[in-house]
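Subject: Structure for you to look at

Hello,

Here is the structure I promised to pass on. Please open it and keep it in view while you read my notes.

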Amino acid sequence: MDGALTQPEPDVSYVGPPPILIAGDSEAARHRAAATIRAAGLRIADQVPVSEAVARIDRQISSGAIWLELDGDGGAQLDHLLDRLNGDVSVGRYPAVVAAPLALVDALSARLSDPAIALLIDGDETERAAALAIAMSGAAHASHVGDVASDNGAARLRQLSDEVARIAATLARLSTGPQASPVKAAPVENIGDTPTIDPETVRAIIRARRLRTRFFDAELFADPAWDMLLDLVQAEIDQLRVPVSSLCIAAAVPATTALRWIKTMTDSGLFVRRADPHDGRRVFVEMSQDTSLAMRRYFAEIGQPRAV
């Protein structure tokens, strides 16, 4: 199993970063991860199923990174591995990249709290290569906000969202939204002179913003921070809780980009993450008290806008 670490091919120098350990829940998943790593000219320590990953990590003397590739939900075994990755990354043992479909974003977000873990949701080859490069360079450090967002914060995130040509596919999902039943939230407590918001005003603004894409290229309007704020305002008015997956859809950008924005806004104190007390594999996102008050005062100031 460890031959790749001790028996290099002839005439090949292995001076450089340690090899990367791949874990995946299927042969196809491990093959995808291996293709990304080999394309970057990096070594692979081993390729193991999710069920064997923790034991293999225990035997790994050093690792340039751990790449976890998922096609589906691995249940308790996956949860165990995610907890191990989160703990190891938090103490700086290695960086990690987790690539998965949108259906797993809630389960992954609930357990991967360390910002140094690059979480790729339906990532294309450019995003996969970028995540690997950042992991290997050490740029994905917990003191930074997110992964590729570490340079110039939100400005870098905006640039990334503009570069990714998959916005239309995400927008197409907005018409259906998440399949799970909405979860009711407690009413927001009014503090002092907190203004009330007309629910129809918020709905009209959201409808008007979506309508633009019928006439112009959707890439012209990538503004995930504002789209998420509007979605959370509407949820607050309707007393609904918003899971991470739903907020990613509302952001109207690729899910990986939306997750970076959520991290940025959470770290900035604009958003608050709340664990679902009834489901350990789901996290809700809501506005902080200050953000809620600021949004309410904003709507009170603009009155009845035609579009925002």
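First, a term you will need: helices (H or I, at least four residues) and strands (E, at least two) are DSSP runs, numbered from the N terminus. With that in hand, Gln239 is found in the loop between helix H10 and strand E7 (240-243). Please note that this is a predicted model.

Strand E4

Start with strand E4, residues 96-100. 5 of its 5 residues are buried, so E4 is largely enclosed by the rest of the structure. In a regular strand the side chains alternate between the two faces of the sheet. Look for that here. Ala96, Val98 and Ala100 point one way from E4. Val97 and Ala99 point the other way.

Which strands pair with E4? One is E3, residues 65-69. E3 and E4 run parallel, with 4 bridges between them. In this pairing, Ile66 sits opposite Ala96. The other is E5, residues 117-121. E5 is also parallel to E4, and 5 bridges join the two. Here Val97 faces Ala118 in E5.

Now follow the chain. E3, helix H4 (residues 75-90) and E4 form a right-handed β-α-β unit. From E4 the chain crosses through helix H5 (residues 105-111) to E5, and this β-α-β crossover is right-handed too.

Helix H10

Move on to H10, residues 224-238. It has 15 residues. From first C-alpha to last it reaches 21 Å, close to the 21 Å expected at 1.5 Å a residue. Is H10 mostly covered or mostly open? It is mostly covered, with 12 of its 15 residues buried. Among them are Trp226, Met228, Leu230 and Val233. Asp227, Asp231 and Glu236 are also on the buried list.

Phe215 lies in the loop between helix H9 (199-211) and H10. Its relative accessibility is 61%, so Phe215 counts as exposed; the cut-off is over 50%. Leu211, Phe215, Phe216 and Leu220 together make a nonpolar surface patch of about 460 Å².

Gln239 is not a glycine, yet its phi is positive, about 55°. It is partly exposed, with a relative accessible area of 30%. Asp122 is another non-glycine with a positive phi, about 50°. Where is Asp122? It lies in the loop between E5 and helix H6 (125-137). Asp122 is partly exposed, at 37% relative accessible area.

Best wishes

Key: Residues are numbered from 1 along each chain as its sequence is written. This is a predicted model: local features need pLDDT of at least 70, side-chain atom pairs count only at pLDDT 80 or more; totals for chains, interfaces and linings use all residues. Side-chain values use heavy atoms; hydrogens and water are left out. Buried means under 20% relative accessible area, exposed over 50%, partly exposed in between (1.4 Å probe, protein chains only). Two strands pair if DSSP finds at least two bridges between them. A crossover is right-handed if, with the strands pointing away from the viewer, the path from the first strand over the helix to the second runs clockwise. Patches are made of residues with over 30% relative accessible area and no salt bridge: like charges are joined within 9 Å, nonpolar side chains (Val, Leu, Ile, Met, Phe, Trp, Tyr) within 5 Å. Accessible areas come from the Shrake-Rupley method with a 1.4 Å probe; for residues, only the protein chains shown count as cover. A salt bridge is a side-chain nitrogen of Lys or Arg within 4 Å of a carboxyl oxygen of Asp or Glu. The expected span of a helix is 1.5 Å times one less than its number of residues.
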